[in-house]
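Reader: I would like to go through this chain by question and answer, starting from the overall fold and ending with local backbone details.

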Amino acid sequence: MTPDDMKQVMRRWASTVTIITTKHDGLIYGLTATAFSSLAVDPPMVFVCINTKTRTHPLINASGIFCVNFLTPEMQSISDRFAGRMPDTERFAGLAHHVAATGAPVLSDALAYLDCKVVERHLGGDHTIFIGQVLAAKKMV
């Protein structure tokens, strides 16, 4: 992972909608998030802000991993699916996904992804700001 790899992927982020995924105790989880941004390119780091009341929050906190999946405009139904309009257990049903460095799910149809390990946590109101070091990144479309 180089600073140029990070820049190439971040150039693909034209939308504020992402799917944040994680894996904990053999189960996969995810949610739609708009509070995401690049933080640094050397070392490559990003942050996501996750509401502490979501089911995914304690799982990211416990697993220490997350993957940021960038969506295309045509993926609105996927965004809706992970925004709570479908039970947690059905969110990945029928969706092709794989893993990269951390084991967090990468949506196979995503525009790009950033696979991260949590390196810092900061409380911000009813959210936690998870800062992740990017271990793998790829533009897929």
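Predicted model: local features only at pLDDT ≥ 70, side-chain atom pairs only at ≥ 80, totals over all residues.

Reader: What share of the contacts with a separation of 6 or more comes from residues 24 or more positions apart?
Author: Of the 141 residues in the chain, 43% are buried. Among contacts with a separation of 6 or more, residues 24 or more positions apart account for 64%.

Reader: How many residues of strand E5 are buried?
Author: Strand E5 covers residues 65–70. Side chains in a regular strand alternate between the two faces of the sheet. In E5, Ile65, Cys67 and Asn69 point one way and Phe66, Val68 and Phe70 the other way, and all are buried. The strand is thus mostly covered, and the number of buried residues is six of six.

Reader: Which residue in E8 is the bridge partner of Phe70?
Author: E5 pairs with strand E1 (residues 18–24) in the antiparallel sense over four bridges, and there Val68 is the partner of Ile20. E5 also runs antiparallel to strand E8 (residues 112–124), to which six bridges join it. In E8, the bridge partner of Phe70 is Ala112.

Reader: Which two residues does a cis peptide bond join?
Author: Most residues other than glycine have a negative phi, and most peptide bonds are trans. In this chain, Pro43 lies in the loop between strand E3 (36–41) and strand E4 (44–51). The cis peptide bond, with omega of about 0 degrees, joins Asp42 and Pro43.

Reader: Is Asp25 buried or exposed?
Author: Asp25 sits in the loop between E1 and strand E2 (27–33). Asp25 has a positive phi of about 50 degrees, although it is not a glycine. The cut-off for exposed is over 50% relative accessible area. Asp25 has a relative accessibility of 68%, so this residue counts as exposed.

Conventions: Residues numbered from 1 in each chain as written. Heavy atoms only, no water. Buried < 20%, exposed > 50% of the residue type's maximum accessible area, 1.4 Å probe, protein only. Contact = heavy atoms within 4.5 Å. Helix = DSSP H or I, 4+ residues; strand = E, 2+ residues; numbered from the N terminus. Pairing = 2+ DSSP bridges.
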